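Please look over the sequence and the model below before reading on. The paragraphs after them go through the fold step by step.

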Amino acid sequence: MTEQLNTEIPQALRKALDLLTDPPANPDVSKGYLDLLTDDLATGTPKNTGLIQAAWASGIGSMLYDNAQALARRVAGVWRLPVDWLNIPSDGVALDVGSGPGNVTAQLGQAAGPGGLALGLDISEPMLARAVEAQAGPNVGFMRADAQRLPLRDETVDATTSLAVLQLIPNPAQTLAEMVRVLKPGGRMAIMVPTAGNLGPLLRLLPEGQANFFAEDELADILEGLGMEGVRSKTLATFQWVRARKP
């Protein structure tokens, strides 16, 4: 049985199975990623049901994501991942929450080295299909799972990231708590989100189910409340980076 699993499951996903809280008896990797969701998505947690979230999870949305990311890179350095600061150890484990097309996950894989593991987690099947085709490898794997209920055991990753995703999640504070939970002591986190500055309270009056808009210190305050240390935030144009480490 073990030999059969080793043949059918990609190397990176075999490593991922060892990190799961509740590994499936019959892992579904038929699409190149580990699918941990059913049609009854994440019972007990808020779901991404808004129009913006639905569009982003579609095939068209995955193309728009790529185009928006390419434009942001030309205009400003807001998408530049702080790989050196994340300090991922050789053979370490890194998690990319809301991995989209997987390019950030691949950067984490390079930092972790051949013996390490970079996992990209997303809810969008079109995004995951693009990521698997372009970025999957021996130490880079992808999972379909809910960011509000991460499937990993406590303190299993050395670094975690989330770029331009938390604004699309119904309960971003819950996702942040989950990211902190899976970090090892000393592990580091880097997050990038759009920020609305002082307009945040007004933008929250938009119809329910649309994107979240974060106030200037909102995410930093949440992370400090979760016990994270060295919390730093920096705003570039309409984007904000927040960094923190787990004591």
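What follows moves from the whole chain to the sheet, then to the helices beside the sheet and to a few single residues.

The model is a predicted one. Its protein chain has 247 residues, and 48% of them count as buried. The secondary structure consists of 10 helices and eight strands. Among contacts in the chain with a separation of 6 or more, 67% are made by residues 24 or more positions apart. The accessible surface comes to about 11,700 Å², and carbon and sulfur atoms contribute 53% of that area.

The sheet comes next. Strands of a sheet pair through backbone hydrogen bonds, in either the parallel or the antiparallel sense. Here eight strands form an open sheet with mixed pairing, and their order is β1-β4-β3-β2-β5-β6-β8-β7. Strands β1 (34–35) and β7 (229–236) are at the edges; each has a single partner strand, so one side of each has no neighbour in the sheet. Elsewhere in the sheet, β2 (residues 93–97) pairs with β5 (residues 157–163) in the parallel sense, over three bridges.

The buried residues in α6 are N103, V104, T105, A106, L108, G109 and A112. After α6 comes G113, which has a positive phi, near 85°. Another helix, α7 (residues 125–135), lies across β3 and β4 and runs at about 170° to β4.

Is T175 buried or exposed? T175 has a relative accessibility of 0%, and buried means under 20%, so T175 counts as buried. This residue is part of helix α8, which covers residues 172–182. Apart from neighbours within four places in sequence, T175 is in contact with V97, A147, Q148, L166 and I169.

The last point concerns aromatic rings. How many aromatic pairs does a search of the whole structure find? The search finds zero. The ring of W85 does have a charged residue over its face: R188 lies there, at 5.0 Å from the ring centre.

Terms used: Residues are numbered from 1 along each chain as its sequence is written. This is a predicted model: local features need pLDDT of at least 70, side-chain atom pairs count only at pLDDT 80 or more; totals for chains, interfaces and linings use all residues. Side-chain values use heavy atoms; hydrogens and water are left out. Buried means under 20% relative accessible area, exposed over 50%, partly exposed in between (1.4 Å probe, protein chains only). Helices (H or I, at least four residues) and strands (E, at least two) are DSSP runs, numbered from the N terminus. Rings of Phe, Tyr and Trp (its six-membered ring) pair if their centres lie within 6.5 Å; planes under 30 degrees apart count as stacked, over 60 as edge-to-face and the rest as tilted. A charge sits over a ring if NZ of Lys or CZ of Arg is within 6 Å of the ring centre and within 35 degrees of the ring normal. Contact means heavy atoms within 4.5 Å. Accessible areas come from the Shrake-Rupley method with a 1.4 Å probe; for residues, only the protein chains shown count as cover. Two strands pair if DSSP finds at least two bridges between them. Axes are lines fitted to C-alpha atoms, for helices over the stretch in contact, and angles run from 0 to 180 degrees between N-to-C directions.
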